[in-house]
Amino acid sequence: MHNPQRSQKIAFFLLFLATLLIVIPVGLIVVIIIQKGLPAINWQFLSDIPRQGMRAGGIFPAIIGTLYLVIGAIIFALPIGLLAAIYLSEYAKDNIINRIIRLAIVNLSGVPSVVYGLFGLALFVVFLKFGASILSGSLTLGIMILPIIITTSREALESVPQSFREVSLSLGASKWQTIRHIVLPNAIPGILTGTILGLGRAAGETAPILFTVAAFYLPRLPKSIFDQAMALPYHLYVISTQVPNVDEKVRYGTALVLLFLVLFMNLIAIIIRYNFRKKKKW
Amino acid sequence: MVKFSVKDLNIWFGQIHALKSVNIEVEANEILSVIGPSNSGKTSFLRMLNRLNDLYPNFKMSGSLEFDNKDIRKIDIESLRKRVGMVFALPLPLPLSIFENVSYGVKMHGIKNRNKISEIVERSLKQAYLWDEVKDRLSVTAFKLSGGQQQRLCIARTLAVEPEVILFDEPCSGLDPISTAKVEEAMLKLKKDYTIVLVTNNVKQAARVGDRTAFFLSGELVELDKTEKIFTAPNDQRTDGYIRGKFG
């Protein structure tokens, strides 16, 4: 009965099956969105404002709104997240308080996004009086992706070999010089991975922007960061559930544009990361 | 002249008592070899001299340790480490080019003049007997070099910041006999200008290059004497046993 060869085959088959179960739905989603959305894609759809109660025209304001929001979120979250990660991995002593802080940050990335939305509403929109604006939305999204950026950046910093730090310190370099010239350059690929993950999440979330920025229908471009804006995920929600008789291809076309936008931004980050990895010399 | 004066030094890593009442004086321009089995505290001793042990969060010490008659804890740590360089057990090039490896420390100490830096790099590589092998490919990543070349690069990197003392932590443990001979040759030449403390697992190496030899066992300094004396007529039976290869 005991047949290691057969056990191995069964194990491989199960592992393969599990992989397949993940790949097939993802593949299907992409295929269906492309199939149903592609007919809607044309120049007018990408560059025009929505018309006829969002049943025709384009989605340009929503594309621009999402771009602004994602860029704003990254501008806010990347520097702060990186500095916090440097503090936690390089300076914070390994004591109970810091361990609780680390644990809390990891757990924050599991908080439902609607909670961030409410938080953003309370803090930025109402308390700081930014109103429903790109600023409020960017800050809310930024806070939502901070835990992802901190956690992945910290891991990237901690994976730089201790021996490099010892060498640098033994040459009389200060701790900050060591971080700046040895640790950080070698952690950049990992930090970018965190940024990519955060970026995708910021672009796709609906709940955090619902109360803080998203306009139901705003057929013009935002003029400043204190303006409201349309955004792709929310627009998709609106035309799918709130507006009757929207053509299916418009909905899938919007989804396709959102998907493509996230992929495109990821691609840029992946290319940057690839260039840094190529320079990695160990 | 005494470079390091160590009196009744005890150190702990958490519960582990790594060095027990060690008394040593390191003379200027000598090569002091430190031998002993693994876990005898010899590397911990070496890492005391440039305060690298301070990196461990649970490190504690008592007793006194003076460098040029000054309490080592009162010297600014960056300038101490600039004056007391270290070469590690494994060749550890930084993930930079050959040139940048050697110039790294110099730049960190604020020298910006390119000509000056190039001069220092060339001089240091020559001192480490590496210049001829790498002069045509200074911009290549240091990981392209062989193990022995990498270790000499690390020596050049240490020399570039112009230390007074060089600590060698088993510098030849990963090298073949020919590379080892080259590193030893460099050490003997360097003795003229530098004080050297050499921790080694290779008893014969200690005999070849050391002026004096210290024998550590379980965190205690068993014996410290002229190298010839240690290797011909040691006072302590344990020293005799170790250098004859009876244990360790």
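In strand E6 (residues 84-87) of chain B, Val84(B) and Met86(B) point one way while Gly85(B) and Val87(B) point the other way, and all are buried. Keep in mind as you explore that this is a predicted model.

**Strand E6 and its neighbour**
- E6(B) runs parallel to strand E7 (residues 165-169) of chain B, and four bridges join the two.
- Look for Val87(B) in the structure: its bridge partner in E7(B) is Phe168(B).

**The nonpolar core**
- Phe168(B) also turns up among the residues that Val197(B) touches.
- Leaving aside residues up to four places away in sequence, Val197(B) touches Val26(B), Leu32(B), Val34(B), Leu46(B), Leu49(B), Val165(B) and Leu167(B) as well.
- Val197(B) is one of the residues with the most contacts inside the largest nonpolar core, along with Leu69(A), Ala231(A), Val34(B) and Leu198(B).
- That core has 142 residues, and helix H6 (residues 134-158) of chain A gives the most to it, with 13 residues.
- As a general background, nonpolar side chains tend to be buried together in soluble globular proteins.

**Helix H4 of chain B**
- Helix H4 (residues 114-127) of chain B has 14 residues, which at 1.5 Å a residue should span 20 Å; the end C-alpha atoms are 20 Å apart, so the two agree.
- Which residues of H4(B) are buried? They are Ile120(B), Val121(B), Ser124(B) and Leu125(B).
- Seen down the axis of H4(B), these buried residues fall within an arc of 125°, so they line one face of the helix.
- Asn115(B), Lys116(B) and Glu119(B), on the other side of H4(B), are exposed.
- The buried residues of H4(B) pack against three helices of chain B: H3 (98-108), H5 (131-134) and H6 (147-160).
- After H4(B) comes Tyr129(B), which has a positive phi, near 55°.

**Where the chains meet**
- Chain A has 18 residues in contact with 21 residues of chain B.
- On the side of chain A that touches chain B, helix H7 (162-170) and helix H8 (175-204) of chain A each supply at least two residues.
- H7(A) provides the largest share of that side, six residues.
- What kinds of residues make up the side of chain A that touches chain B? They divide into seven nonpolar, six polar and five charged.

Note on methods
Residues are numbered from 1 along each chain as its sequence is written. Chains are lettered from A and ligands numbered from 1 in the order in which they are written. This is a predicted model: local features need pLDDT of at least 70, side-chain atom pairs count only at pLDDT 80 or more; totals for chains, interfaces and linings use all residues. A nonpolar core is a set of buried Ala, Val, Leu, Ile, Met, Phe, Trp, Tyr and Cys residues joined through C-beta atoms within 7 Å. A residue is buried if 20 or more other C-beta atoms lie within 10 Å of its own, exposed if 12 or fewer, and partly exposed in between; C-beta atoms are placed from the backbone. Two residues are in contact if their C-beta atoms, placed from the backbone, lie within 7 Å. Ala, Val, Leu, Ile, Met, Phe, Trp, Tyr, Cys and Pro count as nonpolar, Asp, Glu, Lys and Arg as charged, and the others, Gly among them, as polar. Two strands pair if DSSP finds at least two bridges between them. The expected span of a helix is 1.5 Å times one less than its number of residues. The arc is that of the directions from the helix axis to the C-beta atoms.
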